[in-house]
Amino acid sequence: MIRKIIHIDEEKCNGCGACVTACHEGAIGLVNGKAKLMRDDYCDGFGDCLPGCPTGAITFTEREAAAYDEQAVLENKQKKAAAAAEKPAAPAFHGCPGSAMRQFHREQAAAPAAAAPLQSQLAQWPCQIKLVPVNAPYFDGAKLLIAADCTAYAYANIHEEFMKGHVTLIGCPKLDAVDYSEKLTEIIRNNNIKSVTVLRMEVPCCGGLEHAAVTALKNSGKFIPWNVVTFSTDGRILDR
């Protein structure tokens with residue numbers, strides 16, 4: 001049947017997860033850091049998710065879609081409630097998934113005898129995306145590392161494994177509340193950049209940094225090798 005249903009623009013979506021919380025029917029989920037309509041028959045077309053989207057990525061459209069199935073929605077809610085009841089009780093959390101409190105219990109290994117002090121591999125200053133000059137000389141022939149702020153604290157070996165031999169730019173799209181894509185486009189377009197590596201956390205808000213870097217690569221008009229490395233909040237590499 002043809003009916004009104006939501007449409008999510010993945011290019012605009014920053015993966016904040018606000019729409020997932022706002023959708024009472026459970027029709028929206030996060031897939032690879034982007035909001036996605038999981039099932040047409042879970043969407044009632046009322047648009048409770050629209051006001052909560054900070055980037056305007058969600059709109060209404062009319063298209064061929066399965067009819068809203070209230071019974072299926074109720075059964076899905078009951079299934080989720082039953083699964084939640086089997087888990088140990090935890091404090092309720094409402095808000096951005098990236099702000100959810102977690103604690104990690106680490107085993108403390110003995111320090112190696114006479115260990116040499118580690119050397120910083122930061123190649124330039126400033127390193128904040130907002131502060132770095134667009135035409136700095138160190139960009140000539142650079143391997144560019146665009147890293148979310150938290151990655152340096154989550155992953156222990158970031159200097160030797162990722163920063164070494166790279167020009168490092170850092171930022172947080174959630175805290176800076178800015179779209180980095182325009183400045184990154186100018187940096188890539190106006191300099192001889194050899195490659196781009198993006199380091200991000202698994203939390204949805206980090207999708208904004210990845211999106212900005214990918215957009216900049218597209219808008220620069222250049223074909224440059226690039227890759228994205230994703231870290232878990234407890235410091236493991238999830239994808240590279």
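Below is a short chat about a predicted model of one protein chain.

Colleague: How many helices and strands does the protein chain have?
Modeller: There are seven helices and nine strands. This is a predicted model, to be clear.

Colleague: What share of the residues is buried?
Modeller: Of the 240 residues in the protein chain, 41% are buried.

Colleague: Which residues touch the most other members in the largest nonpolar core?
Modeller: F139, L144, L184 and V196 do, in a core of 38 residues. The elements giving two or more residues to this core are the strands β5 (143-148), β6 (167-171), β7 (195-201) and β8 (226-231), along with the helices α4 (158-163), α6 (181-190) and α7 (207-220).

Colleague: Which residues of α6 and α7 meet?
Modeller: From α6, S181, L184, T185, I188 and R189; from α7, A212, A213, T215, A216, L217, N219 and S220.

Colleague: At what angle do the axes of α6 and α7 cross?
Modeller: They cross at roughly 45 degrees and come within 8 Å.

Colleague: Left-handed or right-handed crossing?
Modeller: α6 passes α7 in a right-handed crossing.

Colleague: Changing topic, what is the accessible surface of the protein chain?
Modeller: About 14,300 Å², with 55% of that belonging to carbon and sulfur atoms.

Colleague: And what share of the contacts with a separation of 6 or more is between residues 24 or more positions apart?
Modeller: Those account for 73% in the protein chain.

Note on methods
Residues are numbered from 1 along each chain as its sequence is written. This is a predicted model: local features need pLDDT of at least 70, side-chain atom pairs count only at pLDDT 80 or more; totals for chains, interfaces and linings use all residues. Side-chain values use heavy atoms; hydrogens and water are left out. A nonpolar core is a set of buried Ala, Val, Leu, Ile, Met, Phe, Trp, Tyr and Cys residues joined through side-chain atoms within 4.5 Å. Buried means under 20% relative accessible area, exposed over 50%, partly exposed in between (1.4 Å probe, protein chains only). Helices (H or I, at least four residues) and strands (E, at least two) are DSSP runs, numbered from the N terminus. Contact means heavy atoms within 4.5 Å. Accessible areas come from the Shrake-Rupley method with a 1.4 Å probe; for residues, only the protein chains shown count as cover. Axes are lines fitted to C-alpha atoms, for helices over the stretch in contact, and angles run from 0 to 180 degrees between N-to-C directions. A crossing is left-handed if the near helix is turned anticlockwise from the far one by less than a right angle, and right-handed if clockwise.
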